[in-house]
Amino acid sequence: MKPVRIGIVGAGGIVRQRHLPGLLAIPDVEIRAIANSTLESAQKFCAENALNAEAVADWHDLVKRDDIDVVWIGATPNLHKPVTLAALAAGKHVFCQARMAMNLADAREMLAASKAKPELITMLCPAPHGLQSGIYFKKLLSENIIGELREIRLQNLNAAVLDPHQAAHWRQRKEISGLNIMTLGIHVEVLQRWFGALTNVQADGKVFAPQRKDHQVEVPDALHVLADFANGAFGVLEFSGVHPGEITDRLEVAGTEGLLRYDYTKETIHLQHKGESRWETLETPEALRGGWRVEADFIEAVRNPDNKCPYPTFEDGVAYMAVVQAVNDSLSSGRREAVATV
């Protein structure tokens, strides 16, 4: 089998913990080059992971190499568009980390560039939420186990930025993260996968520690979003990085006949029928159980270009970036804002 040769731009935590082990487990996949924030950090990454790969000082040089088929982007959002556009122009397949782009306009540019090169595979990193039992959860919804949908409630609560004295994380720096706010985009990707499009949003947020050492923070520490879905459901989305209690990451769906809850942290699904107080635990059938197959799905698509591009596509990314854009527009205007169509 012809090897798939990969160049990695941005070798941070998720590349080290998830992508690299997944790629190295696939036969005939070769990591040829690494470009990181500095040449020294790229060399360190290669040495620590025993990679027979070349550390490259400038990602521009990496994407031009003739011995690379795939550019794997693990960098922060400010690099997603420029690296994607350069890689596609050089004839490389592109895998890009989540938080697709700095804003909707950049995401649309990435999508347009991918459509101009239909022979190349492009994919975004999916959110980990729901990969294990998402097929089963969607099946339950399709069977109307809780009747007609009424409310969709999402809670993503943690203490990531609770300490006001800690330095600003890159996710709190707009010059790096753009309009992305906490885990808004990746959660919206999952919601749209299961429930379809959000049509408009009303958002409010608060920065509790606006000055973090030498950085003025504008990205909210807590965010509440009210949303309408095209299917008629009403959404309440709550995000917090200043929640001192137990980490909460769950989705609860209310229908005319009951409640369905997916606890992402424990990977459990619970059902409560109308008029009852007891929650029933639903076991995911083995035949419907999924998992993290991100790297394998992408490489399989590269090797079999006639196959459908793996999820999430760049179109899916533009769809969630449209919601991220609308949320930011609502924060600025104080009004309910329409979500742009892809």
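Me: In what order do the nine strands of the open sheet stand?
Reply: Strands (E, at least two residues) and helices (H or I, at least four residues) are DSSP runs, numbered from the N terminus. Two strands pair if DSSP finds at least two bridges between them. In this predicted model, the pairing within the open sheet is mixed, and its nine strands follow the order β16-β15-β14-β13-β7-β12-β11-β8-β17.

Me: Which atoms do side-chain values use?
Reply: The model is predicted, and local features need pLDDT of at least 70, side-chain atom pairs count only at pLDDT 80 or more, while totals for chains, interfaces and linings use all residues.

Me: Do β7 and β12 run parallel or antiparallel?
Reply: Strands of a sheet pair through backbone hydrogen bonds, and this may happen in either sense, parallel or antiparallel. Leu154 has Leu237 in β12 as its bridge partner. The two strands β7 and β12 are joined by seven bridges, and their sense is parallel.

Me: Which residue in the turn of the β11 and β12 hairpin has a positive phi?
Reply: Seven bridges join β11 to β12 in the antiparallel sense, and Leu226 stands opposite Val236 in β12. The hairpin of β11 and β12 has four residues between the strands, and the one in the turn with a positive phi, of about 100°, is Gly232.

Me: What angle does the direction of helix α6 make with that of β14?
Reply: Axes are lines fitted to C-alpha atoms, for helices over the stretch in contact, and angles run from 0 to 180 degrees between N-to-C directions. Contact means heavy atoms within 4.5 Å. Helix α6 (residues 134-142) packs on the sheet and touches β7, β13, β14, β15 and β16; with the direction of β14 its own makes about 170°.

Me: What angle does the direction of helix α10 make with that of β8?
Reply: Helix α10 (residues 314-333) also packs on the sheet, where it touches β8, β11 and β17. Its direction and that of β8 make an angle of about 50°.

Me: Are α5 and α10 roughly parallel or roughly antiparallel?
Reply: The axes of helix α5 (residues 104-115) and α10 cross at roughly 170° and come within 9 Å. Angles under 35 degrees count as roughly parallel, over 145 as roughly antiparallel, 65 to 115 as roughly perpendicular and the rest as oblique. Therefore α5 and α10 are roughly antiparallel.

Me: How many nonpolar residues has the contact of α5 with α10?
Reply: Residues of α5 in this contact include Leu104, Met110 and Leu111, and those of α10 include Phe314, Val318 and Met321. Ala, Val, Leu, Ile, Met, Phe, Trp, Tyr, Cys and Pro count as nonpolar, Asp, Glu, Lys and Arg as charged, and the others, Gly among them, as polar. By class, two residues of the contact of α5 with α10 are polar, three are charged and the nonpolar ones number eight.

Me: How are α1 and α9 oriented to each other?
Reply: Helix α1 (residues 13-24) packs against helix α9 (residues 294-303) at an angle of about 50°, and their axes are 8 Å apart. Among the residues that meet are Leu23 in α1 and Ile299 in α9. The orientation of α1 and α9 is therefore oblique.

Me: Is Asp69 buried or exposed?
Reply: Asp69 is placed in the loop between α3 (59-64) and β4 (70-73). Leaving aside neighbours within four places in sequence, Asp69 has contacts that include Arg5 and Lys92. Buried means under 20% relative accessible area, exposed over 50%, and partly exposed in between (1.4 Å probe, protein chains only). Because its relative accessible area is 17%, Asp69 is buried.

Me: Is Lys213 buried or exposed?
Reply: Lys213 lies in the loop between β9 (211-212) and β10 (215-216). Although it is not a glycine, Lys213 has a positive phi of about 55°. Its relative accessibility is 62%, so Lys213 counts as exposed.

Me: What is omega for the peptide bond from Tyr311 to Pro312?
Reply: Most peptide bonds are trans. Pro312 has its place in the loop between α9 and α10. The bond from Tyr311 to Pro312 is cis, with omega near -5°.

Terms used
Residues are numbered from 1 along each chain as its sequence is written. Side-chain values use heavy atoms; hydrogens and water are left out.
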